[in-house]
Amino acid sequence: RPNGLMARWWQAVGAALALACLVEGAKDQATGISFPDTYGGAKLAGVGTRYKGPLKIYSAGVYVNPTLTKFKLGKYKGTPVDAVKQDFYQDLVKADVAKTIVLKMAMGISREKLASALSDSVKPRMVGDLAAVPKFAEAILAGFAAGGKASSGTELAFGLKGSSMCVSVNGKPCGAIKSPALVSALLRCYLDDKAVSPALKKACAHGVLGML
């Protein structure tokens, strides 16, 4: 059962979904999928595409709390995007700043394939607490009916705060997991030196530096 913090996050997610069409946002040029500028009080840092070979699987957007980001990463103020090193991304992952990763499907796949693919990205990045990975998969599966499909346009959101992750599918809360290793691993899927979407990683650097 979600605690008060998680319940408030889910409430904010619902508000973000309701207002998404009213706020100016950014578009993933590769898929044409748009993201609102704000989501649950957080600001969009960047968007990018997750490819599997030539296939465009989903677009992803990363949101961060702009005030805390400015405070925690202020030492990078004035750094040109092209001069950013991996330590910047490591500090972004570690920063005690509320973050949300939003995925919007660009093509349809089964819920099982989606849960498996995301788990396969997270698992090798886990440092301990491997038991959290099946919980992660279960939370994703819970967002769909049995035998259901993550059709094009389906939205998944992963709210990350401290050691807690809140998962929702199309605004419906479907799981909460407490695992600092899992939170870090999911962020590193998009921000480490083997990021699954290099375009998203670079866009996040541009967006975060612009907040400082």
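Author: Start with one definition. Buried means under 20% relative accessible area, exposed means over 50%, and partly exposed is in between. Asp-129 has a relative accessible area of 39%, so it counts as partly exposed. Keep in mind that this is a predicted model.

Reader: Which loop holds Asp-129, and what is its phi?

Author: Most residues other than glycine have a negative phi. Asp-129 is not a glycine, yet its phi is positive. The residue lies in the loop between helix 4 and helix 5.

Reader: Is Asn-170 buried, partly exposed or exposed?

Author: Asn-170 sits in the loop between strand 10 and strand 11 (172–178). Asn-170 also has a positive phi, about 50°, although it is not a glycine. Its relative accessibility is 49%, so the class is partly exposed.

Reader: How many helices and strands does the protein chain have, and what share of its residues is buried?

Author: The protein chain has 212 residues. It holds seven helices and 11 strands. Among contacts with a separation of 6 or more, residues 24 or more positions apart account for 66%. The buried share of the residues is 48%.

Reader: How are helix 4 and helix 5 oriented to each other?

Author: Two packed helices are described by the angle between their axes and the distance between the axes. Helix 4 (residues 111–122) and helix 5 (residues 132–141) have axes that come within 9 Å and cross at roughly 150°. Angles over 145 degrees count as roughly antiparallel. Therefore helix 4 and helix 5 are roughly antiparallel.

Reader: What is the handedness of that crossing, and which residues make the contact?

Author: The crossing of helix 4 and helix 5 is right-handed. The contact residues divide into nine nonpolar, one polar and two charged. Helix 4 contributes Arg-111, Glu-112, Leu-114, Ala-115, Leu-118, Ser-119 and Val-122. Helix 5 contributes Val-133, Phe-136, Ala-137, Ile-140 and Leu-141.

Reader: And how is helix 4 oriented to helix 6?

Author: Helix 6 covers residues 180–191. The axes of helix 4 and helix 6 are 8 Å apart, at an angle of about 95°. Angles of 65 to 115 degrees count as roughly perpendicular. Therefore the two helices are roughly perpendicular.

Reader: Which residues make the contact of helix 4 with helix 6?

Author: The contact residues divide into seven nonpolar, one polar and no charged. From helix 4 come Leu-118, Ser-121 and Val-122. From helix 6 come Leu-182, Ala-185, Leu-186, Cys-189 and Tyr-190.

Reader: How many aromatic pairs are there, and what is the geometry of Tyr-76 and Phe-88?

Author: A pair of aromatic rings is described by the distance of the centres and the angle of the planes. The count is four aromatic pairs. Tyr-76 and Phe-88 are 5.1 Å centre to centre, with 90° between the planes. Their geometry is edge-to-face.

Reader: Where do Tyr-76 and Phe-88 lie, and which residues form a cluster with ring pairs?

Author: Tyr-76 lies in the loop between helix 2 (66–72) and helix 3 (86–94), and Phe-88 in helix 3, so the pair ties together parts 12 residues apart in sequence. Both residues are buried. Ring pairs link a cluster of Tyr-76, Phe-88 and Tyr-89.

Reader: Is the pair of Phe-136 and Phe-158 stacked, edge-to-face or tilted?

Author: Phe-136 lies in helix 5 and Phe-158 in strand 9 (residues 155–161), so the pair ties together parts 22 residues apart in sequence. Phe-136 is buried at a relative accessible area of 0%, and Phe-158 is buried at 1%. The ring centres are 5.7 Å apart and the planes are at 35°, so the pair is tilted.

Reader: How many residues apart in sequence are Phe-35 and Leu-103?

Author: Phe-35 is in strand 2 (residues 33–36). At 2% relative accessibility, Phe-35 counts as buried. Its C-alpha lies 9.7 Å from that of Leu-103. In sequence, the separation is 68 residues.

Reader: Which residues beyond its neighbours in sequence does Ser-163 contact?

Author: Ser-163 lies in the loop between strand 9 and strand 10 (164–169). Ser-163 and Lys-178 are 15 residues apart in sequence and 5.6 Å apart C-alpha to C-alpha. Leaving aside neighbours within four places, Ser-163 contacts Ile-177, Lys-178, Ser-179, Pro-180 and Val-183.

Technical notes. Residues numbered from 1 in each chain as written. Predicted model: local features only at pLDDT ≥ 70, side-chain atom pairs only at ≥ 80, totals over all residues. Heavy atoms only, no water. Axes fitted to C-alpha atoms, helices over the stretch in contact; angles between N-to-C directions. Helix = DSSP H or I, 4+ residues; strand = E, 2+ residues; numbered from the N terminus. Parallel < 35°, antiparallel > 145°, perpendicular 65-115°, else oblique. Left-handed = near helix turned anticlockwise from the far one by under 90°. Contact = heavy atoms within 4.5 Å. Nonpolar A, V, L, I, M, F, W, Y, C, P; charged D, E, K, R; others polar. Phe/Tyr/Trp six-rings, centres within 6.5 Å; stacked < 30°, edge-to-face > 60°. Buried < 20%, exposed > 50% of the residue type's maximum accessible area, 1.4 Å probe, protein only.
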